[in-house]
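Here are my notes on this one, as numbered points. Have the coordinates open while you read.

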Amino acid sequence: MNPHLFNRRQTIRTILGGSMLFPAIVSELMAADAASTLATSPLAPKPPQFPPKAKRIIMIFATGGVSHIDTFDPKSSAGGRDGSGKDKLMGSVFPSSRNKTTGVEVTDLFPHIRASMEDICLIRSMKSAHFDHTEAAVGMHTGSATFTRPSMGSWISYGLGTVNQELPSFIVIAPHLPYGGTQVYASDFLPAYHQGTRVIPGSEPIANLAPRTPKEKLQQLELSLADTLNQFHLQTRMDDSRLAARIKSYETAFHMQSAGPEAFDLDQEDDKTLSMYGLDRGDTKSFAWQCIVARRLAERGVRFIELVDSGSRPNWDAHSDMKEHEPLAKASDQPIAALIADLKRRGMLDDTLVVWATEFGRTPTKEAEFGRGHHGECFSIWLAGGGVKAGHVHGETDDIGKTLVSGKVNVHDLHATILNQLGIDHTRLTYRHAGRDFRLTDVHGRVVTEILA
Amino acid sequence: MQLSARLSALAILSLLSIPVIAAEDAPAFFRGLNLNGPAVQIDGNPWEGADSVNYICKDSAFEQQNVPLVPSTDPDRARMIRSSRWNGNRVELKNLPAGLFTVFLYVWEDNNPETFTVSLNGKTVMPNVNSGSAGKWQKLGPWHVDVTGDSIEITSKGGAANFSGIELWRGKHNGSISAPINETDLAFFENRIRPLLAKHCYECHSSESEELQGGLLVDSRPTMLRGGENGPSIIPGDADHSLLIKAVRYDDGTEMPPDEKLASNEIADLERWVSIGAPDPRLDATRFVRKKIDVQTARQFWSLKPLTDPVPPAATNLDWSTNPIDRFIAARRDSSGIHPVDLADKRKLIRRATYDLTGLPPTPDDIHDFLADPSQDAFAHVVDRLLASTHYGERWGRHWMDLVRYADTAGDNSDFPVPESYLYRNYIIDSINADKPYDQFVREQIAGDQMPATNDEQRNQQTIATGYLAISRRFGSLVKNYPQHLTIEDSLDNIGRTLLGMTITCARCHDHKFDPISQDDYYGLYGILNSAQYPFPGIELEQKPRDFVHLFDAGKPGDKLAYAMAEGHAEDAALQLLGNPEKLGDVIPRRFPEVLGGQMLPAEQQATSGRLQLADWLTSPDNPLFARVMVNRIWQYHFGVGLVKTPSDFGIRGLPPTHPELLDWLASRFIEDGWSLKSMHRRILLSRTYQLSSLAPADDEAVAVDPSNDLHWRFNRQRLDAESLRDTLLSLSGELDVEMPRQPHPFPPSEEWKYTQHHPFRDQYDSNKRSVYLMMARLNARPFFTTFDGADQNAGTPSRDSSVTTVQSLYLMNDPTVHDRALRFADRLIRECDDPIHRLTLAFELVFGRPPSESELKIVTEWMHGIDDDTEQRDAWSALARTMFRTNEFLHVD
C-alpha cells in the first residue's frame, strides 16, 4: 500500500462529501496517481535486460500444419512429381512465382504476402517439436510437447510486464480453441495474471467487459459504495497491499469497460484501411477482423497478441486434398499483408515483431487423393519487423522438401530469438518452481543470429 | 553390490523351486526353427527349416531378401530373419520333453513400424514391442518356460509382427552367454584386445569411469552388444558395420579414442576380433552406478534426518502456554523481540474456522450460538461441530484433489472423458470425513487393490483408491508408441512431490542435479509402476476404453467399473538413456530410493508389481519425509503458508522450515495420534497462534521487522479461493445443492464417443453442487477457476495463488453469474426480513459475519434511498448485494 495514495484518496473523499458518483469523478482526480499505482501492479512494465529491437509481438498461428511445399518453400512438380508416380512424390500443387525485389519464391496461395517479401524474413528450415498436432502446437507455444509449461506469451508478460494497465498483457484472439485447448495460452506455474486472455470475436470480445447493470449510473453507485466499504475495511489493514491493489483494480476494470470495447471498435477505422485488409464494415467473423484488431491492440500497448488462424477443426490439416489450403489462404493472405503494411506506414513495424507460424509442414508424398501427411522434419515459418532481416531467406530443404539441408531452427531456437529481440536473454528469464529454475527454452535454445538485422 | 545380492537371492530361489534343473548349470542348445526357409547353421548350431515337424504354424509365409538388415549380421542368420511368417501370429512348438526351457524369438520389420505384444502360453512376456523401421531385427527373450505338456505356444497381438525364427535352449539361459570360447580366441582376446580396451576406452566407457560417456560400457560382452546411446557397439562377424570399428577408423564422424587415433596394428586387431565373432570371456554384464550417493552425508540434510520428538520449550509467559504449539512459536518470536497481537474477536474467529474447515461461511445462527456460549470450550465445540460436518471432507478433500491433480478427463490429445473418475473423488471425500488414518489413506491409493479386504465394500473402496495412479495424465493420440513412460513419469512426479516433497522425476533423464536422487532410483520406482496395469481411457485412434477394473458385487466381479489399477506384467525396468524409452540401459531392480532406505523388492515378491511394498516403504514411520510433508501441508492450509514454504519441495532447492522443532513435534504427534487429520486440526485450531487476530495495530514495529509473518505474531489474512467464492455465492443466494453426487457426470455413453484432437471432448456439465463436484476437464479449463487461481488439472497444485487481477474485478462487476446470485440473494433477504434495518443487518451477517456499524448503517441506508427513488426494491437490494460481493471484507478471511 502506498500511503501517499491513501492520503490522497482520503482527500478526494473529503472533497466529494455526499456525492456518490465516485469513480467517474475520482478517476480524473486520481489520474496523477496512475504512475505511483503502476509501480505496485504485478503487470507494471519492467525494463528488458538489454536494449530491445522489438517491444511487442504479434504472433499468427495457422493451425493444422501448413504445407511448406505448397506455400513458402515451393518444390517442382515436374518430372512426374505430381503424386501419380510409384514414389507418390508430389511437388507444389499450386503455381508459384518470385517476389520481384527479393527473388523469394512463394506459391500463388499467398500473392499478397509474396508481394510483401521485402519486409519478411522467411525461415525454411524449421523443425517441429513433434509429429502430431497437439504436441506440436503445444510445443510451439510452450517449448514442451508433453509437459504443461507456461506459454511464451505468459513468459514475456512475466519478463516485461505491459505498458497499458487497462488491457491484458497477453491477448489471444481465437474464434475456436486450437489443439491443446487452453494449454496453449495458460500461464501454468507463472502467476495467473500472466495467462492469455482469450478474445472471441463478436459483441463482447473480452468476457464481462460490458456493464451489466440496467443503468450505467447504477454501476457507478455500486462501485462508489463498494469503495466506501473497502476504505472502512482498509483503515485498520493499511499494511496489506493486496487490499489496496484490489480497490485499484476496480478502477482499472471500470476503465477497461470503455478502453476494451474501444480497442475492438472498428468504427474508428476509415474505409481505406478496412479495404486494405479486405474487411467489410461490421464483419467480425473474418480473419481480417483479427488482423486489424491486432494492430489496434499493438497500438494500445498490449505486449503479446496472438491470432489463431482457424482452430482444431476445419483448418490447414489437408490430408485428403491440398486444395483445402485455398480458402484458408484466401482468408488470411490479404489481411496479413495489410497488417505488415499498416504497421509499417504507422512506423510500428520497427518495434513490432510479427511471427507467422504453424505446428509443422506436410509430407512431400501424396496422401489420399491429393493431400499430404504431417511432416515435422522441415517446414516454413516467417518473421517480420522487430529487428529481423527483411527480404531474407534462412535455411534450405532438399529438392523435394523432405529434409533439412542447412540452417536448422527448432522451437527453442525460435523462442530464444523472439526473446532476444525483446531484450531478454533466454537463459536468464527464469522462474523458480518445483525445486528448479525453469526457462521457456528449458536447457535448449540458440539465438538465430543469422536472421537478425 | 545390491544387484549381485539380488541375483544370488534369485539363484537360491530357483534352486529351491526347480530342483531337477538345478544340477544342470549350463543351458544347452536344444533346437532352432527357421519358420520360413531352409535348415541353416546359426552361432554354430544346426537349425531346422520350415519343414520341421516340431512346430505348428498356420501363418502366411513371407520373404523379402533385399531389405538391408539393421544391424547387419551373418548370411545364414540374415536369410533366416528375412523369411518369416505373419498374419495370425501363432506358433506352437511341439515334441518337447518336460523341464525348463529358454525361448528366444527372432522378429523383424520389412516396411513400417508396428507395435505388438508377445505372449507365451497366453501370458504376456513382452508388451508393446516396437518393430522399428524397415530392416530392423530383434532377438527377443530370454523367456523361461516350465514345460509340463509337450508344447509351448507363442502368440502376438496388436500390430502385425513378423516371426522369423525360434531358438530353444534347455535350462535357464540368461541371454548374454554366447557360444563357448576356444583357447586360441581366448588368448587373442586376453593378449591383444583386453589390454587395448582397458588402456584406450575404459576411462570413459567402463563401470569404473568417473562419468560414463554415451551410455556405452565396453568392459563386458553383453554391454558391448547392447551398446549405448548410438546403438550396439559391435556386430559380431561384421566389422565394417560395427560402430566400434567405424569409430576407431575415424571414418564416420565419430572418432575414438578422441585424443589420438589408434595405431594401425591395433585397429587391425580390433577388426579381426569383431570379424571372428568378438569372442569374449567377460560374460557378466557390467553396470555403471551413475550417481554414487553418499547416503550418510545426504541424510545430514534437514528433511532427510530421522524424525525427532523435541520437547516443547518452557512457557515464558503463562498466557502463551495453553498449547505446546504456542510455546514453540513463542520461543522463536520472543527471541526476536516481537510481540504478538491480541486474539481475534469471536465473530472473526468463527468465520475463519468455518471457511477453513468447510469452505463455507458460518450462518448467523452458528455465530450467535458461539457468541452466546461463554464457556472455555466454546471454540472447541465449534471445531468439533465443523469437523463432524460432511462439508469438512469436501473442503479438505479438495486440498488433496489439488495435490493429486484430480480431473474427469484423461488429458490426451482428445481429452477423453473418464466417467468413473468421480468414484475416486468421492473416495477421497468420504475417507477424509471418516478421518481415515493418513498412512492407510495413502497405502490404499498406491496399492489398495492388493490389500486384504473383509467385504465387497471395503475391497471396492480400496480398488477405487488406486484411482490416484489411474488418473495420471495420458498423452498423445496414437496407438503405436503410446507414451506410457510419460504417464508413469506423471505418476512418479506426483508421488515424489505430493507424498515425499521430492522432485524425483528430475532423475528421469539424468541424475538429479541438486538432490540425492539417481537415475537408478528413478528406474527402481519406474519398474514398479511399469509392472502395474493402468486402465486405458481411449485415445483418438483407439476409442474403446479398456482395462478398467470390475468392482465386486456379491463376492465376485460385477458389472460396475472403476478407473483403477491392476497388476500387470511384473518385471524390473531398464533405465532409459536420456529418458528415451527406445535407448535402454541397465535393468534396474525394483526398489525404493537409496537415500530413503533403498529397500529392495524381496525375491518372493518379484512376480508382483511391488506396489504393496512401495506403499509400505512410502508410509513407514522410518521415512522421515512422509509425516513431515503432510503436517506441513496441514499447517499451510490452516495458516496460508507452511512452516516450509515450498510444500512440495523439501529438497536442497526448497526452503528450510521456519520452525524445524515444531515441524518435527507436529510430525511425531501426527504419527502418535494414529495419523489422524482431525486430531491435528484440533491441536492447531485450539492453539493461541491460530486464534490470533490478523490485524496489526497502526505502526506496529512487527510489520516492519517481520512483514511476511514468519514468526506468527498474527494470523495471515487469506483470500477466498475459487471454490469458496463460488460456493458462498450459491449458498447466500440459497441455491447451493449440498448433496454429494453419487452418480457420474452426464457424459454420453462410451459407444457414442468419437473424440479426436480435431473435435476433442469439450462438454461442461454445470450444476449448483459444491465446486468440488464440478466436472473438471484437463484440456479445457473453466474460465472462472483460471480467473480465481483454481487448481491445475494437469499437475499437482501445492498452494493456490491469490492474485489480484482486473479480469477478477470485471467478473465481479459484470458476470451474469454474479448478477443472478445477487438477485436471488436479494429475494432471500426480502423474503426473510420485512424491516429494512433488520434486513441490512442480516445481509451484513451473512456476507461479512457481523452486523453493520453505525456509520455503515447510515451510509448504506442513505445509499439505498438514493437508488430506491426510481428502482424496484428488489433491484436496490440486488445492487447492494453486488456491491458487497466486491468488497475486500467479503473476499478475504481475517
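1. In chain B, B:F189, B:R192, B:I193 and B:L196 of α4(B) meet B:E266, B:D269 and B:W273 of α8(B); a contact here is a pair of C-beta atoms, placed from the backbone, within 7 Å. By class that contact has four nonpolar, no polar and three charged residues. Ala, Val, Leu, Ile, Met, Phe, Trp, Tyr, Cys and Pro count as nonpolar, Asp, Glu, Lys and Arg as charged, and the others, including Gly, as polar.

2. A caveat: this is a predicted model, where local features need pLDDT of at least 70 and side-chain atom pairs 80 or more, while totals for chains, interfaces and linings use all residues. Residues count from 1 along each chain as its sequence is written, with chains lettered from A and ligands numbered from 1 in written order.

3. How do the two helices pack? α4 (183–200) and α8 (264–275) of chain B sit at about 115°, axes 10 Å apart, so they are roughly perpendicular (65 to 115 degrees). Helices are DSSP runs of H or I, at least four residues, numbered from the N terminus. Axes are lines fitted to C-alpha atoms over the stretch in contact, with angles from 0 to 180 degrees between N-to-C directions.

4. Between chains, 53 residues of A are in contact with 58 of B. α7(A) gives the most to the chain A side, with eleven residues. That side divides into 22 nonpolar, 20 polar and eleven charged residues.

Technical notes. Parallel < 35°, antiparallel > 145°, perpendicular 65-115°, else oblique. Contact = placed C-beta atoms within 7 Å.
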